[in-house]
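Visitor: I would like to learn how to read the contacts in a structure of this kind. Please take one kind at a time.

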Amino acid sequence: MLSFEGFTLIIMLFILAPIMGAIALLFLFIFEKRIDLLENKNKEIRLEQALQEAQYNKLNQQIQPHFLFNTLNVILGLARLNRKAELIRALEAFSQFLKFKYKASEPLIPLAQEIQYTQHYLDIQSLRFGDRLKIDMYCPDHLTIALVPPFILQTLVENSFKHGLEKKVGEALLHIRFRLDSETVHLEVKDNGLIGNAATAAEEGGHGLDNIQKRLYLYFSNRAQLTIASNENGTKVEVSWPLVFDTNWEEAAPE
Amino acid sequence: MRSRTFQEYVQGPIQIGMGLGIISLLARWVTGTTILSSPESMVKYGVFGGIGYAIMGAIALVMFSFIGKRVRHDFPVGLTMGDYLKTKLHPFGYWILLIILVITNLHILFIQGMAASTLCQFLFDTPLYVGLFFFFVFCILFAGFGGLKLIHRFAAFQVVFMFAAVILIPLYFFVKEGIQPVYDGIRLYHPYMLVINKYDFWSFIFAGLLVGFGQFFFDLTSWQRLFMIELKKVPLTFSLSGLIWLIFPLSFSSLFIMVIFTGGFTDIHSILEGLASKITTPFFFILFVLCAFSAITSTFGACLHALVSLIVANMIEPFQDQTNDQQKIRMAYLLSTCIGVLIFMATLFYSPNLMELLFYSGNIYSALLVPILVIVFSKRTVANYIPISALLAIAASYIIQPYASEFQSIWFSGLSSVTLIVVCTIVSFIKDKWKLRKN
């Protein structure tokens, strides 16, 4: 037999259930459109991100044939000069470079990887320039696991050669410096190449620098910067972007 | 208000969201019989019988959400249940189910007509045909001629009236009378209602589940709503509709408790009269009448519209080569008038007991439950023996009905369709294997 307490509970349920039902329905009516709107907004943002990613990847792809073309010219130059031993070493370095290049499909790669990649390019250039080329590269150990959009350093170095050092008679100096300053990574590429003014450098190196700028903007928006300055002593390009770490790389990095 | 295309007449101008979907489903499923069946089950099987009735209905709607998801996944665009069945059945089986669908839907309309007749008798002193005439004219105009757009426009008001009644009237009564006197009264006059383990409670629950599931899964209106609700919102809309629907039978049961705690009663209609004498405040009386009227008209309208849409889209159209939308809509108008007149006549001249009618259809729904599940969840076109098994099970259950109890014939009906399907499946499997071996 149902007790009075049980009966009271059941009557309470009978009375409260319709009120709760009405509130639920009212809530649905008021918020359904807003929830739909938020969902659509979220979808829109995701689509926009996907579009940006596609644009970014497209830019990444663009930079590669640009470099390949120039490197092949370097190798061609060695062949024309009949410098067979250097040509072999250049092809070795180039093969290493390509091996890396086709692996790099990530939107951001660790700095160590980017440096190694650029090193292959520098190896090729060292063969061409011989003792004339002096490279001074410095990157603090703790920055090697910081993430960077691929081909940034390589493009800047390539531009230094293309627009400055190629025309330089005598010693060719290239300084590459990485530093960390208030959670921002700064990269400075300085050469003593012969270039008249910064505007010309920016115009001539337009394609590469423009690409870097676009990619940095897509990934870091206004928090990344690129400046270029030229005088009779050479050209200095400075790039800065927010410090980003990949946790997987962080764990894998040596102490 | 005229619909521009037949699709607009059937499905409305746009796909509906969760809120309107729930309102539309509530308008269909809070029926004249919900008002009476839940208290009836409470009187017969105790307080938990009433709760069990409500929960069974809710579970059935929640379960339909799984079916709905599957159906929309397999067949995203359709107008009626017939469109889906056409893709899953051979022509013979398809026509068997179409005819059963038409008969069951006419039966639902007749039950609502009977409920309207009870309400008219209870409310007006005028001859029955006058009240019924206005009821049918109203329903034919708003549902048959107005199409889905007008049905949904009315549904919003109808659901508001129903909610207002089920919230305010029980609250008013229990605040006025208190729970203790009600409990004492029930204990004195109807102690059997407070017994928890009634011997036939579980029989009622199992039979109710069979009938409830069959009825919800084989309902033209629910299927039509299924195709008009946004795809991603289908499962949640049906589940929430089930949960919200639950409150209506519960609340109606509490209303009837209020009537019977002061004395005995002869039948469910005398409870209705008792309720009228109890609701002395005009506001609540009008609210109750509006609620009952809304429940009956919304169900009648939704079912009439769904039936007319099925007949035009799936039964007439295949035989007419070139029918444009306007012709189809005119056909729908004509059909709704004809069906309205037919039900009006039937209600006027034939008046069986409402509860008898309900149990009468139990055998059909119970027999249809497993076939419809097989149709929905099978990947290919299903063989003709599936709908035929439902037909045979219905026939067999009506043959044994005079020799068995209500529940027994419902179980028999469900079990025979399952048995027939299993046997036929095994036989066809063996046949296939045999053919393969021969080849």
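Guide: We can begin with one residue. B:Phe407 is buried, at a relative accessible area of 11%; buried means under 20%, exposed over 50% and partly exposed in between (1.4 Å probe, protein chains only). This is a predicted model, in which local features need pLDDT of at least 70 and side-chain atom pairs count only at pLDDT 80 or more, while totals for chains, interfaces and linings use all residues. Residues are numbered from 1 along each chain as its sequence is written, chains are lettered from A and ligands numbered from 1 in the order in which they are written, and side-chain values use heavy atoms, with hydrogens and water left out.

Visitor: How many aromatic pairs does the structure hold over all chains?

Guide: A pair of aromatic rings is described by the distance of the centres and the angle of the planes. Rings of Phe, Tyr and Trp (its six-membered ring) pair if their centres lie within 6.5 Å; planes under 30 degrees apart are stacked, over 60 edge-to-face, and the rest tilted. The structure holds 39 such pairs over all chains. In one of them, B:Phe204 and B:Phe407 have ring centres 6.4 Å apart and planes at 55°, so the pair is tilted. B:Phe204 counts as buried, at 8% relative accessibility.

Visitor: What is the area buried between chain B and chain A?

Guide: The size of an interface is often given as the accessible area lost when the parts come together. Here the buried area (accessible area lost by two parts on being put together, 1.4 Å probe, summed over both) is about 2600 Å², and carbon and sulfur atoms give 82% of that. B:Ile167, B:Ile179 and B:Tyr183 supply 20% of the area that chain B buries against chain A, more than any other three residues. In terms of contact (heavy atoms within 4.5 Å), 35 residues of chain B meet 22 residues of chain A.

Visitor: How many salt bridges are there between chain B and chain A?

Guide: A salt bridge is a side-chain nitrogen of Lys or Arg within 4 Å of a carboxyl oxygen of Asp or Glu. Three are counted between chain B and chain A. B:Lys232 forms a salt bridge with A:Glu39, with 2.8 Å between the closest N and O atoms. A network of salt bridges links A:Glu32, A:Asp36, B:Glu230 and B:Lys233.

Visitor: Which residue does B:Glu8 form a salt bridge with?

Guide: The partner of B:Glu8 is B:Lys149, the closest N and O atoms being 3.8 Å apart. B:Glu8 is buried, with a relative accessible area of 9%, whereas B:Lys149 is partly exposed at 27%.
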